[in-house]
Amino acid sequence: MKTEKMAIEINNMTKNYGKHRGVKDLNLHVERGDIYGFLGPNGAGKSTTIRSLLGLLRFQKGSASIFGMDVRCRQKEILKEIGYMPSEAMFYPSMRVKEVIRLAADLRGQDCRREADRLCERLAVDTDKKIEELSLGNRKKVSIVCAMQHKPQLFIFDEPTSGLDPLMQAEFFKLVLEYNRQGTTCFLSSHVLTEIKRYCRHAAIIKEGEVIRTDTVENLTRTNSRRIHMIRDGREESFLYQGSLNELFAGFAGHDIADITIEEPALDEIFMHYYDEEDRQSEESADMQ
């Protein structure tokens, strides 16, 4: 795996908060030009990983680099190439939206007015309002503009669509895809599984501070399981089934099947399989010791 191909490289990163867990021996590699999903429930370690990458947290062990630059000693250079969007957008409440957007551009020493105007139009941002007058969703849209207006090489987004209505969620990802076609890499954390499946090419699954699986999204969501809904002997049943459908039907002999529906399992059920599998492996390891 050649460094020049990598947008993000994390090797054996460990970050603890005193006695509390952060992330442990975390390994993650994101190639340039990818749209990479970082998936896990709240508290799994997604934000800790992102803040460590940005140099906002100091990790105790391991290494991390962005475009081949060590995050611990070349932070200023790295941040010039990044558009970061935190999970919660916080701005000076008395400032007007246009002032916040201009401040974000000025801090980078760039004239981003043309791109900022385009983004505000696409996202229906009212630039004359004060931040304190905005809803959560509208503050989120301001955060998107601030992250995208300087056309960075890498987006790092932490739960980017929380608070956005469905139309704005779709518009946000249209913008991500447009920038990506121009070469921008995108690394986004989410617990919204449908977003990961629809827009990401690769993904990592994190649980309790450890990455338990990385693969293409296509492979991660491939399954032989089926969700069975049926009325058997007068009782409604719903269960996940793995195996031959012929064997399933053979097992119905002697039963009264009033109705049956066979469909792919929900996306969250597919990903829950990885968590269950990790739990089983941990239990088996403990039993062997």
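1. A definition to begin with: a salt bridge here is a side-chain nitrogen of Lys or Arg within 4 Å of a carboxyl oxygen of Asp or Glu. Please keep in mind that this is a predicted model, where local features need pLDDT of at least 70, side-chain atom pairs count only at pLDDT 80 or more, and totals for chains, interfaces and linings use all residues. Residues are numbered from 1 along each chain as its sequence is written, and side-chain values use heavy atoms, with hydrogens and water left out.

2. Searching the whole structure gives 14 salt bridges. One of them pairs R72 with D70, with 3.5 Å between the closest N and O atoms. R72 counts as partly exposed because its relative accessibility is 46%; D70 is partly exposed too, at 25%. (Buried means under 20% relative accessible area, exposed over 50%, and partly exposed in between, with a 1.4 Å probe and protein chains only.)

3. Two further pairs deserve a look. R74 and E77 meet through their side chains at 2.9 Å, N to O; R74 is partly exposed at 32%, and E77 is partly exposed at 38%. E237 bridges to R232, the closest N and O atoms being 2.8 Å apart, and E237 has a relative accessible area of 26%, so it is partly exposed. There is also a network in which salt bridges with shared partners join E115, R118, R122, K151, E171 and E178.

4. Now to helix α3, residues 97-107, whose buried residues are V97, V100, I101, A104 and A105. Viewed down the axis of α3, these residues fall within an arc of 135°, so they line one face of the helix; the arc is taken from the directions from the helix axis to the C-beta atoms. Helices (H or I, at least four residues) and strands (E, at least two) are DSSP runs numbered from the N terminus.

5. What do the buried residues of α3 pack against? Their partners are α4 (113-123) and α5 (136-148), where contact means heavy atoms within 4.5 Å. On the face turned away from the buried side, α3 carries the exposed residues D106 and L107. After α3 comes G109, with a positive phi near 70°.

6. Finally, the surface: L245, F249, I260 and I262 make a nonpolar patch of about 300 Å². Both α9 (245-250) and β13 (257-263) give two or more residues to this patch. F249 lies in α9 and, at 41% relative accessibility, counts as partly exposed. Patch residues have over 30% relative accessible area and no salt bridge; like charges are joined within 9 Å, and nonpolar side chains (Val, Leu, Ile, Met, Phe, Trp, Tyr) within 5 Å. Accessible areas come from the Shrake-Rupley method with a 1.4 Å probe; for residues, only the protein chains shown count as cover.
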